[in-house]
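Here's a quick briefing to read with the model open. Have the sequence and the structure side by side as you go.

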Amino acid sequence: MQFSYFILLVNESSAYENQHQKTLHINQETAMNQGYSEDETFRKVDFNKTPLTRGEYEGCSFVDCDFSNSSLFNFSFTDCEFLGCNLSLAKLDGTAFRDSIFKDCKLLGLRFDTCNDFGIGFSFDNCNLNHASFYKLKIKKTHFIDSQLQEVDFVDCDLTSAIFTNCDLNGATFNNTIIEKADFRSSINYTIDPELNRIKKAKFSLAGISGLLTKYDIQINN
């Protein structure tokens, strides 16, 4: 009886060791599949047909590339620029964007709120961000320039000192949003309730004042 019990323990120990070795092998293989690229340029690549290797990208340029509907799960982009790219509906779970630049890009419906928010930072120039979400993100001093921001979710977002230059914010949602010291003077079609958002020292044009008074249903004439 004792001998059988000893054999059982040996078998269980052997099985555990085999499983441990298998797990270790899988982890090592996964680590080997994690790429690292620095100062590379990717031009006119359709990443739906040729998937980008998951990993870290630093100082890289992506020019006229198509990421639409692709998965960027756990990718990391630091000091990267995206020029004329289409990232619409790409999956950004765990994706890290640090000091990244988007210019002339289609970014429809992107869930930036699912990104890795550690050190998150980006700027947008002449981009289409309609239906994107920045829910609960702290993105102070972010620059939005000449961009479409219709139906964008800024709920619970920290936009302190953000700059919105010539942007269309029609239907964008601001609720419990911090926009202190933010600059909206050249942007249009925003609706922001001063009672539901923190707007101290935010800047608005005289023409845009009506966007702060929408719920009062009053008429403002020049």
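Predicted model: local features only at pLDDT ≥ 70, side-chain atom pairs only at ≥ 80, totals over all residues.

Residues are numbered from 1 along each chain as its sequence is written, and side-chain values use heavy atoms, with hydrogens and water left out.

**Confidence**
- pLDDT is the predictor's confidence in each residue, on a scale from 0 to 100; the chain averages 87, and 80% of the residues score at least 70.
- Residues 1-13 stay under 50 in pLDDT, and the model gives them zero contacts beyond four places in sequence. Contact here means heavy atoms within 4.5 Å.
- Residues 20-32 also have a pLDDT below 50, with zero contacts in the model beyond near neighbours in sequence.

**The sheet**
- Seven strands make an open, parallel sheet, in the order E2-E4-E6-E8-E9-E10-E11. Strands (E, at least two residues) are DSSP runs numbered from the N terminus, and two of them pair if DSSP finds at least two bridges between them.
- At the edges sit strand E2 (41-43) and strand E11 (163-165), each pairing on one side only.
- From one strand to the next, the twist averages 10 degrees. For that angle, axes are lines fitted to C-alpha atoms, and angles run from 0 to 180 degrees between N-to-C directions.

**Strand E8 and its partners**
- Strand E6 (residues 81-83) pairs with E8 in the parallel sense, over three bridges. Across that pairing, Phe82 stands opposite Phe102 in E8, and Leu83 has Lys103 as its bridge partner.
- Strand E9 (residues 122-125) also pairs with E8 in the parallel sense, this time over four bridges. Here Phe102 stands opposite Phe124 in E9.

**Two faces of E8**
- In a regular strand the side chains alternate between the two faces of the sheet.
- In E8 (residues 100-103), Ser100 and Phe102 are on the covered face, while Ile101 and Lys103 are on the uncovered one.

**A closer look at Ser100**
- Ser100 lies in strand E8 and is buried, with a relative accessible area of 1%. Buried means under 20% relative accessible area, exposed over 50%, and partly exposed in between (1.4 Å probe, protein chains only).
- Beyond its neighbours within four places in sequence, Ser100 is in contact with Phe77, Asp79, Cys80, Phe82, Gly121, Phe122 and Ser123.
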